[in-house]
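Take a look at the chain and its ligand below.

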Amino acid sequence: MLEQDIKKVLISEKEIQEKTVELGQILATEYAGKNPLLLGILKGSVPFMAELIKRIDIPVQLEFMTVSSYNGTMESSGEVKLLLDVDTPLKGREVVIIEDIIDTGRTLKYLKELLEHRGANVKIVTLLDKPEGRVVEIDADYTGFTIPNEFVVGFGLDYDGYYRNLPYVGVLKEEVYSS
Ligand code: PRP
Ligand code: MN
Ligand code: MG
């Protein structure tokens with residue numbers, strides 16, 4: 001059903017799974033003894049976060065924030081809106097932001113500055129990085145895959161709110177968003 005709308009698979013379910021194992025081990029080593037707060041950014045990070053946290057074999061806590069700037073469309077509005085905040089004190093805390101993608105960089109730049117202003121030590125892990133999309137300067141500390149400048153959906157990434165539940169990352173057929 002969903003598959004009919006996909007032109008090509010960019011990153012398979014298996015590749016994602018192997019990468020999350022790898023990233024999980026790196027994070028477990030990096031944060032051993034530090035009890036980090038893993039901060040998922042709703043809604044796109046949900047599948048990646050669910051997969052990744054199983055592979056981080058140290059004590060961690062989870063929190064979520066909701067920010068949005070695409071409103072389901074293909075183009076960033078340029079304005080990042082904070083829709084749901086954490087209610088935990090972050091001063092002095094090791095925070096790992098978990099994201100599905102860095103594109104223009106606006107979302108993560110906004111979040112990193114906000115959290116650092118509250119006194120957190122912030123690092124970023126992202127499943128996907130699209131360097132060609134960047135309009136502000138920001139980099140992830142840990143990246144799953146670097147992708148070309150294409151509009152991608154699946155594994156958390158949406159078009160008009162849909163396709164987040166695809167188990168892989170793919171490119172939509174043109175006819176889907178031209179109609
Ligand atoms: C998407 C994506 C990232 C952000 C990346 O979120 O999940 O959070 O955009 O784009 P940027 O680097 O250009 O800021 P979106 O605002 O679509 O909300 P969603 O996660 O609920 O889909
Ligand atoms: Mn998002
Ligand atoms: Mg979105």
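Start with a pair of strands. Three bridges join strand S3, residues 61–68, to S4, and the two run antiparallel. Helices (H or I, at least four residues) and strands (E, at least two) are DSSP runs, numbered from the N terminus. Two strands pair if DSSP finds at least two bridges between them. Within this pair, Ser-68 stands opposite Lys-81 in S4. Strands of a sheet pair through backbone hydrogen bonds, either parallel or antiparallel.

Before going on, note what kind of model this is. It is a predicted model, in which local features need pLDDT of at least 70 and side-chain atom pairs count only at pLDDT 80 or more, while totals for chains, interfaces and linings use all residues. Residues are numbered from 1 along each chain as its sequence is written, and chains are lettered from A and ligands numbered from 1 in the order in which they are written. The protein chain averages a pLDDT of 96, and 100% of the residues score at least 70. Here pLDDT is the predictor's confidence in each residue, from 0 to 100. For the complex, the predictor gives an ipTM of 0.98 and a pTM of 0.97.

Now widen the view. S3 and S4 belong to an open sheet of six strands, in the order S4-S3-S2-S5-S6-S7. The pairing in this sheet is mixed. Which strands stand at the edges? They are strand S4 (81–84) and strand S7 (142–146). Each has a single partner strand, so one side of each is left without a neighbour in the sheet. From one strand to the next, the twist averages 30°. Axes are lines fitted to C-alpha atoms, for helices over the stretch in contact, and angles run from 0 to 180 degrees between N-to-C directions.

Next come two helices. Helix H1, residues 13–30, lies across strand S5 (94–102), strand S6 (121–129) and S7. H1 runs at about 160° to S7. Helix H2 covers residues 46–53. Its buried residues are Pro-47, Phe-48, Met-49, Glu-51 and Leu-52. A residue is buried if 20 or more other C-beta atoms lie within 10 Å of its own, exposed if 12 or fewer, and partly exposed in between, with C-beta atoms placed from the backbone. The buried residues of H2 pack against H1, strand S2 (37–42), S5 and S6. Contact here means that the C-beta atoms of two residues, placed from the backbone, lie within 7 Å.

There is a second sheet to find. It is open, has three strands in the order S1-S9-S8, and its pairing is antiparallel. Strand S1 (6–11) and strand S8 (152–153) are the edge strands, and each pairs on one side only. Four bridges join S1 to strand S9, residues 169–172. In that pair, Ile-11 stands opposite Val-169 in S9.

Turn to the ligand. How many residues surround ligand 1? There are 17, and the closest are Gly-44, Tyr-70, Asp-103, Thr-104 and Thr-107. A residue is near a molecule if its C-beta atom, placed from the backbone, lies within 6 Å of it. S5 and helix H3 (106–117) each supply at least two residues of this shell. S5 gives the most, with four residues.

Some loops deserve a stop. A cis peptide bond joins Leu-42 and Lys-43, with omega about 0°. Lys-43 lies in the loop between S2 and H2. Asp-139 sits in the loop between S6 and S7. Asp-139 has 13 C-beta neighbours inside 10 Å, so it counts as partly exposed. The C-alpha atoms of Asp-139 and Gly-105 are separated by 8.0 Å, although the two residues are 34 residues apart along the chain.

The last stop is the loop between S8 and S9, where Tyr-163 is placed. Tyr-163 has a positive phi of about 75° although it is not a glycine. Is Tyr-163 buried or exposed? Tyr-163 is buried, because 21 other C-beta atoms lie within 10 Å. Asp-160 is in the loop between S8 and S9, and has a positive phi of about 55° without being a glycine. Asp-160 counts as partly exposed, because it has 13 C-beta neighbours inside 10 Å.
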